[in-house]
Amino acid sequence: MLLREVEYAKPASVADALSALAANDGARALAGGQTLINVMKARAASPDVLVDLNGLEELKGIELAGDGTLTVGAMTTYTELVASAEAKARPILGEVVATIADVQVRNRGTIGGNVCANDPTNHLPPLMAAIGARFTIAGASGEREVDASDFFLGVYLTAVGPGELLTKITIPAGKHDGFAAITLGADGTCIANAAASLNGSLRIALGCVDAVPVVVEPDSTDAAAVRAAVQQANLDPPSDVHASAEYRAHLAEVLAVRAAQQAQERN
Ligand SMILES: Cc1cc2nc3c(=O)[nH]c(=O)nc-3n(C[C@H](O)[C@H](O)[C@H](O)COP(=O)(O)OP(=O)(O)OC[C@H]3O[C@@H](n4cnc5c(N)ncnc54)[C@H](O)[C@@H]3O)c2cc1C
């Protein structure tokens, strides 16, 4: 289906982008367009103005600090993450984005677009929740930083409000992580997924079972402990053509155990 007519702005700076977003209630940021253009074609979204963030160098790049903290610009693509020597400081990042869809999507899709879309089937919301990412949001009144529990608010809904932009994601040091998913075909959309981080205490974030990642913190990576923690979360996942609620709840347990074991093996 063809796009409806839409205004297009290509700002030269983040400040100009914020002005363009603030000037029109119907303005939306355009990152890789791999979700937004598709929902526009399907008439599920109909912005008046697209504010194209491509070309804003301020929103790109991956920096590694001396303590192992990574700072990733919102407009960094999956392909750039996979290729980055700095991003290998947190190996799970490149490993997971390398499995998203196909090379075309990975060349265009951005880490910022993925989390701002907050599609519950996306790979990155649970990964960011498990590894303790922090999100920097810029708006007319300046910048603020929020953690994952305050960032992901609902289906397609995040703490990035109207007139605001996600500018960067800060990821703490750590190597002991895991990720497991059941997908529709190889590298396809997730039916269920789980990300685990064992850098200090164990944190597991479950994806596709609720509007936002569900975080559980079992006492150990022991399979029984992980299963018990997932059961105590009283999941009420959606049913759809791909999986019933019961099957998704079952997968959440299985995948949580796999992700935790992977994190343990890297310890
Ligand atoms: C065929 C196909 C298969 C896919 N499979 C998967 C998959 O298996 N797993 C997965 O995780 N993803 C998958 N995706 C989605 C893909 O990863 C998208 O790239 C991602 O969801 C959105 O990133 P984007 O950069 O394309 O953002 P866009 O589509 O440009 O934007 C998405 C939303 O975020 C907002 N936004 C973007 N950047 C910012 C910012 N910096 N500040 C504020 N708001 C912003 C936009 O306004 C828009 O509302 C798939 C996409 C396609 C086309």
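Strand 2 (27-30), helix 2 (36-41), helix 6 (111-117) and strand 10 (165-171) each contribute at least two residues to the shell around the ligand, where helices (H or I, at least four residues) and strands (E, at least two) are DSSP runs numbered from the N terminus. The structure is a predicted model, in which local features need pLDDT of at least 70 and side-chain atom pairs count only at pLDDT 80 or more, while totals for chains, interfaces and linings use all residues. Residues are numbered from 1 along each chain as its sequence is written, and side-chain values use heavy atoms, with hydrogens and water left out.

In this model, 29 residues surround the ligand, and the closest are A29, G33, L36, Y78 and T110; a residue is near a molecule or strand if one of its heavy atoms lies within 4 Å of it. Helix 6 provides the largest share of the shell, 4 residues. When the shell is divided by class, it has 15 nonpolar, 13 polar and 1 charged residues, with Ala, Val, Leu, Ile, Met, Phe, Trp, Tyr, Cys and Pro counted as nonpolar, Asp, Glu, Lys and Arg as charged, and the others, Gly among them, as polar.

Several polar atoms of the protein face oxygen atoms of the ligand at the distances computed here. A polar backbone atom of A29 is 2.6 Å from an oxygen atom of the ligand, a polar side-chain atom of N114 lies 3.0 Å from an oxygen atom of the ligand, and a backbone N or O atom of G188 lies 3.3 Å from an oxygen atom of the ligand.

Two loop residues other than glycine have positive phi values. R43, in the loop between helix 2 and strand 3 (49-52), has a phi near 65 degrees, and R43 is partly exposed, with a relative accessible area of 33%. D187, in the loop between strand 11 (177-183) and strand 12 (190-199), has a phi of about 55 degrees, and D187 counts as partly exposed at 35% relative accessibility.

Two further residues illustrate separation in sequence and in space. A260, found in helix 10 (residues 245-265), is buried, with a relative accessible area of 0%, and A260 and E5 are 255 residues apart in sequence and 47 Å apart in space, C-alpha to C-alpha. V216 lies in strand 14 (residues 214-216) and is buried, with a relative accessible area of 6%, whereas V216 and V230 are 14 residues apart in sequence and 6.6 Å apart in space, C-alpha to C-alpha.

Conventions:
A polar contact is a pair of N or O atoms within 3.5 Å; within protein, one must be able to donate a hydrogen and the other to accept it, and residues adjacent in sequence count only if both atoms are side-chain atoms. Buried means under 20% relative accessible area, exposed over 50%, partly exposed in between (1.4 Å probe, protein chains only).
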